[in-house]
Amino acid sequence: MIDVSPDQARTLAAIVAHGSFDAAAAHLSVTPSAVSQRIRALETAVGRPVLTRARPAGLTESGQAVVRFARQLELLSADLAEELQPEEARGGTRLTLVINSDSLHTWALPGLSAAAGTVQLEILREDQDYSLDLLRSGAAAAAITATAKPAAGCTSRRLGVMRYLPVCAPAFAATWFDGGAAAHSLAKAPAIVFDRKDDLQDRYLRRLSRKPLEPPRHYVPAAHEFGEAIRLGMGWGMMPEIEIVQDLEQGRLVRLGPKSFVDVPLHWQQWRYGSAALDGVAAAIQNAARVLR
């Protein structure tokens, strides 16, 4: 049986959080030698390295599991303190979540606000296809992700589907798609892309053409400004259907095709051994996600 002490786990988490053995020692009020001894004892207990020997030090897969353990201990300790001393005023448990920009912009905030009275939230914004990296590393306790399969040490719950529609401003459509949004015209018309991780526009283009299409691109890495760039006629792009219902009804935007869309499934993954506070946030997020398909 592997025996990892809480002090060893907290020490590893402190190294990752503060960037070095010396900084971790200062945070923990121990000597750098004590930090080194704890890490050596931890690697002996685990039977393999927990840190990569680089600058700054990174976590191995085993190290990630230990850091998740340390973070879970913090949450459970906060739960225990609330149960044993409910009369003491506290600022609430601290939770770090990973949420993609479109969810944050369109539907997730009502759920987060419903939970904000009992927790302190740090929101890390990351694409749903990459958010699990932060969950695996122990940097976050939960994430909205496009992956249904639970990450190691986590549970997964389906939230729903975000449908994205290819849209543009009417004047842009008249200029670039007078004969319809066919592959040859989409190869030339400028596209709006959130950032270099955003492949929604390319997913749509791959459905239309067997040949790769490489249109001119404008990168606009902010959800509100991304939509405004499309409304102002800078280019076409994929926007969440729940965001643009009124734009379509009032003619500010037009669809590139009446049946064209890209669906992105969303799932809530969180540490398997979390806390009452984390479960409360999960319930609030699931309630807010009822607006999804």
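## Pockets of the predicted model

The second largest pocket is lined by 19 residues, and those nearest its centre are Ser-101, Asp-102, Asp-127, Gln-128 and Phe-194. Two elements, helix 5 (101-106) and helix 10 (200-208), each give two or more residues to the lining of this second largest pocket. Helix 10 provides the largest share of that lining, namely three residues. The structure described here is a predicted model.

For the second largest pocket, the space amounts to about 270 Å³. Its lining comprises nine charged, six nonpolar and four polar residues.

The largest pocket holds about 480 Å³ of space. Among its 21 lining residues, Arg-71, Glu-74, Arg-94, Thr-96 and Ala-139 lie nearest the centre. At least two lining residues of the largest pocket come from each of helix 1 (6-18), helix 2 (21-28), helix 4 (61-84), strand 3 (93-99) and strand 4 (119-125). Helix 1 gives the most to this lining, with five residues. By class, eleven residues in the lining of the largest pocket are nonpolar, while five are polar and five are charged.

| Pocket | Volume | Lining residues | Residue classes in the lining |
|---|---|---|---|
| Largest pocket | about 480 Å³ | 21 residues | eleven nonpolar, five polar, five charged |
| Second largest pocket | about 270 Å³ | 19 residues | six nonpolar, four polar, nine charged |

Technical notes. Residues numbered from 1 in each chain as written. Predicted model: local features only at pLDDT ≥ 70, side-chain atom pairs only at ≥ 80, totals over all residues. Heavy atoms only, no water. 1 Å grid on protein atoms, 1.4 Å probe; cavity = no way out; pocket = protein on both sides within 12 Å on 5 of 7 lines; lining within 4 Å. Points joined across faces, edges and corners; volume = space filled by probe spheres on them. Helix = DSSP H or I, 4+ residues; strand = E, 2+ residues; numbered from the N terminus. Nonpolar A, V, L, I, M, F, W, Y, C, P; charged D, E, K, R; others polar.
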